[in-house]
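Welcome, and thank you for taking a look at this structure. Please keep the sequence and the 3D view side by side as you read.

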Amino acid sequence: MPKTRSKFVCQNCGYTAAKGFGRCPNCGQFNTMVEEVVEVAKAGAGAARRPSAAMRSVPQRLSDVSGEVGDRLPVPVEEFNRVLGGGIVQGSIILLGGEPGVGKSTLLTQISAILAQTIGRVLYVSGEESAWQIKMRADRLSIQSDELYLLTETNLTTILEHVQELKPTILIVDSIQTTYTDEHESSPGSVTQVRECGSRLQHLAKSSGISVFLVGHVTKEGNIAGPKVLEHIVDTVLYLEGDPFQAFRLLRSVKNRFGATNEVGVFEMTSDGMTEVLNPSEAFLAERVVNAPGSAIAVTMEGTRPLLVEMQALTSPTSFGNPRRTPNGVDMNRLLLVSAVLSKRVGLKLHEQDVFVNVIGGLKVTEPASDLAMAVAMASSYMDKPIPADLAIVGEVGLSGELRAVGQLSARLKEAAKLGFKRVLVPKSRRKLEDIPAGLKVIEARSLADALAVAVKGDAS
Ligand code: TYD
Ligand code: MG
């Protein structure tokens with residue numbers, strides 16, 4: 001019987017301690033420390049693991065290192081390819097995180113079928129669903145391919161044996177939280193198991209050239225072992241986001257050793273699975289009601305891609321107590337900041353109003369460059385005056401009510417022109433604006449008050 005001892009591991013941040021705490025001393029989350037049983041290493045085991053002199057790694061000159069990235073396997077799904085930075089790098093390991101039910105298995109089943117037809121053998125390992133459940137989904141998605149193999153298994157050693165035998169080009173492990181190795185006694189999904197399985201799969205990817213996708217669940221609070229503890233092990237981290245009540249799903253790269261981060265691919269969940277949305281701005285504006293007070297169009301950047309989104313605001317008199325601020329798709333702190341600036345610098349009496357802000361399409365807009373559109377939408381609702389339908393808005397709002405310049409303006413202007421907008425309201429800049437698309441009028445404003453005069457009161461338009 002091997003000797004064991006217990007340790008306590010935080011399921012949120014991976015902090016390890018000899019005793020448990022109600023609140024993790026590292027990340028401050030409550031009830032996240034879980035007991036795990038570990039085998040005590042035999043005396044001398046560490047010495048045995050140390051590499052012998054002959055095997056030791058050798059420093060080499062930087063100029064001698066070949067700097068080529070492994071071959072990229074292009075995925076014939078434009079939105080997926082874009083997020084990966086132009087294809088799957090051979091021998092790389094990619095983590096796909098997301099809340100349960102958002103569509104990770106659906107997306108990967110579809111992608112595996114396409115890859116099996118175009119690139120080579122794919123092994124889809126599922127520890128969550130039985131083979132017939134996957135088959136039912138595949139039938140629903142009208143998927144059939146001779147090179148797509150299914151395996152329902154959770155034991156990592158068995159999975160690796162099948163990989164040796166089948167030699168797939170792509171391996172998909174759905175999910176990392178259900179996979180376990182016998183060498184650790186802790187239960188599947190614990191930090192120890194997730195980390196150990198993750199690093200063994202990383203070793204497999206690096207040594208064999210197989211590209212590996214790992215699926216990892218996160219809860220709303222993000223406090224389950226998985227994605228967070230794996231992020232430093234893997235090459236690429238993708239998150240699938242989306243409001244369960246909305247059809248749009250955003251695939252976002254938050255880390256990519258082989259490409260730009262924050263790239264976004266847009267999909268729509270339909271009854272036939274995930275379909276690509278190749279022109280997302282158009283899709284996000286599809287249901288727009290023009291001439292409705294409280295609706296403004298922002299041009300936000302997601303990675304290198306400009307997106308037009310509708311921001312809606314509603315102000316209504318507070319019936320009792322403190323006025324409420326309810327953001328949906330924007331950050332609470334930015335909503336508070338913009339409300340405070342509108343009250344103090346423009347004189348809107350928002351202290352006696354509840355304010356609701358909503359980004360249409362289930363998109364989360366984090367960029368300060370969309371502050372101005374939010375402010376204008378709020379003022380428009382407060383004054384009950386609509387914003388002209390052909391006006392798009394870009395700009396960051398400063399604490400003194402001044403407008404601050406934003407990056408990548410020419411890409412934003414181009415996208416607005418492409419979607420038929422005639423005018424764009426931007427912060428006044430010292431530099432002369434270049435590359436203004438033909439037919440587009442750029443209106444510059446120095447302050448929030450100036451911007452409201454143009455957008456809501458209709459001056460100088
Ligand atoms: P799933 O891929 O199982 O989510 P995850 O792996 O992230 O937990 O998808 C879950 C939801 O997607 C489920 O509620 C049903 C829905 N769905 C569709 O709307 N259309 C489809 O074609 C499929 C296969 C699923
Ligand atoms: Mg799933």
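Which polar backbone atom lies 2.8 Å from an oxygen atom of ligand 1? The backbone atom in question belongs to Gly273. Before we follow that contact further, please bear in mind that everything here comes from a predicted model.

Let us stay with the ligand for a while. Around ligand 1 there are 16 residues, and those that come nearest are Gly101, Ser105, Thr106, Thr270 and Gly273. Ser105 also makes a contact through its side chain, where an N or O atom sits 2.6 Å from an oxygen atom of ligand 1. Arg137 takes part as well: one of its polar side-chain atoms is 3.2 Å from an oxygen atom of the ligand. How much of ligand 1 does the protein bury? On its own the ligand exposes 560 Å², and the protein buries 74% of that.

Now see which parts of the chain make up this shell. Helix 3 (104-118), helix 4 (131-140) and strand 13 (264-270) are the elements that each give two or more residues to the shell around ligand 1. Helix 3 provides the largest share, with 3 residues. Sorted by class, the shell holds 7 polar, 5 charged and 4 nonpolar residues.

With the ligand in view, step back to the whole chain. It is divided into domain 1, covering 4-41, domain 2, covering 72-278, and domain 3, covering 283-455. Between the centres of domain 1 and domain 2, taken over C-alpha atoms, the separation is 28 Å.

On one side, strand 13 pairs with strand 12 (residues 248-256) in the antiparallel sense, over 5 bridges. Within this pair, Leu250 has Val266 in strand 13 as its bridge partner. Strand 13 also pairs with strand 14 (residues 273-276), again in the antiparallel sense, over 4 bridges. A hairpin with 2 residues connects strand 13 to strand 14.

How many strands form it, and in what order do they run? There are 7 strands in the order 17-18-16-15-19-22-23, and the pairing is mixed. Strand 17 (325-328) and strand 23 (441-445) are at the edges, each pairing on one side only. From one strand to the next, the twist averages 30 degrees. Inside this sheet, strand 15 (residues 295-302) and strand 16 (residues 305-317) pair in the antiparallel sense over 8 bridges. As a landmark in that pair, look for Ala298, which stands opposite Val309 in strand 16.

Asp174 and Ser175 are joined by a cis peptide bond, with omega at about 5 degrees. Ser175 has its place in the loop between strand 9 (170-174) and helix 6 (191-208). The other detail is at Asn31, where phi is near 50 degrees, a positive value in a residue other than glycine. You can find Asn31 in the loop between strand 2 (16-17) and strand 3 (33-39).

Definitions and conventions: Residues numbered from 1 in each chain as written. Chains lettered and ligands numbered in written order. Predicted model: local features only at pLDDT ≥ 70, side-chain atom pairs only at ≥ 80, totals over all residues. Heavy atoms only, no water. Domains from an automatic or database assignment. Near = heavy atom within 4 Å. Polar contact = N/O pair within 3.5 Å; in protein donor to acceptor, adjacent residues only side chain to side chain. Areas by Shrake-Rupley, 256 points an atom, 1.4 Å probe, with all protein chains shown as cover. Nonpolar A, V, L, I, M, F, W, Y, C, P; charged D, E, K, R; others polar. Pairing = 2+ DSSP bridges. Axes fitted to C-alpha atoms, helices over the stretch in contact; angles between N-to-C directions.
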